Amino acid sequence: MKAAISREEALALLKKYNQDHFHIQHALTVEGVMRWFAEELGYGEETDFWGMVGLLHDIDFEQYPEQHCIKAPELLREGGVGEDMIHAICSHGYQLTVDIVPEHEMEKVLYATDELTGLIGAAALMRPSRSVQDMEVKSVKKKFKSLNFAAGCSREVIQNGADMLGWDLADLMERTILAMRSCEEAIQQAMQEN
């Protein structure tokens, strides 16, 4: 799979519809996580594609929250994004807003890690370091069980994503923490430049 647009074009497209600091940071985080998983799972030649799927996955969320993954195809097509990437992006809304089933391993990873990065990120902000660098799976598990913590992060979606991948929940958490560690510093720098 090859991306039809460059990363620079994808970032500009994201920023056309998203100005909120949190949404930009989340998009960059999911991009970095997807890039890490592409390498980790043996899809190194598709790293850019995986990354841009992560970068653009919430393109419609800030302006069209009630139409999340429904409005996205229109915005993405206008930006020159290919149909395979549009399908991958919209599949993360499976059983939430759309009936597009995550089929490719990359789509399952996006589905599983999108909400989880939010939970891990929120947990990191509670730590003295405010970082994922010293985050441990047991801390994430504890926050996962506390339904009032980061209540907007769907535990059901995270668990369903782990099940889709055939991974233990703790394994998904550990890998996602490692993925977030790999890109945390670069994201902090990018956010300071914004």
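The largest cavity in this predicted model holds about 50 Å³ of space. A search for cavities of 30 Å³ or more finds 1 in the structure.

Which residues line the largest cavity? Helix α2, which spans residues 21-40, gives the most to the lining, with 3 residues.

**A buried threonine**

Let us move on to helix α9, which covers residues 169-193 and includes Thr 176. Is Thr 176 buried or exposed? Thr 176 counts as buried because its relative accessibility is 0%, and the cut-off for buried is under 20%. Leaving aside residues up to four places away in sequence, Thr 176 touches Phe 37, Thr 113, Leu 116, Thr 117 and Ile 120.

**Salt bridges**

How many salt bridges does a search of the whole structure find? The count is 8. Here are some of them, with the distance between nitrogen and oxygen:

| Pair | N to O distance |
|---|---|
| Lys 71 and Glu 74 | 3.0 Å |
| Asp 134 and Arg 127 | 3.2 Å |
| Asp 171 and Arg 175 | 3.4 Å |

Take the pair Lys 71 and Glu 74 to begin with. Lys 71 is buried, with a relative accessible area of 15%, whereas Glu 74 is partly exposed, at 39%. In the bridge between Asp 134 and Arg 127, Asp 134 counts as partly exposed, with a relative accessibility of 35%.

The bridge between Asp 171 and Arg 175 brings us back to helix α9, where both residues lie. They sit 4 residues apart, about one turn of the helix. Asp 171 counts as partly exposed at 26% relative accessibility, and Arg 175 also counts as partly exposed, at 21%. Elsewhere, salt bridges that share partners join Arg 7, Glu 31, Arg 35 and Asp 48 into one network.

Definitions and conventions: Residues numbered from 1 in each chain as written. Predicted model: local features only at pLDDT ≥ 70, side-chain atom pairs only at ≥ 80, totals over all residues. Heavy atoms only, no water. 1 Å grid on protein atoms, 1.4 Å probe; cavity = no way out; pocket = protein on both sides within 12 Å on 5 of 7 lines; lining within 4 Å. Points joined across faces, edges and corners; volume = space filled by probe spheres on them. Helix = DSSP H or I, 4+ residues; strand = E, 2+ residues; numbered from the N terminus. Buried < 20%, exposed > 50% of the residue type's maximum accessible area, 1.4 Å probe, protein only. Contact = heavy atoms within 4.5 Å. Salt bridge = Lys/Arg side-chain N within 4 Å of Asp/Glu carboxyl O.
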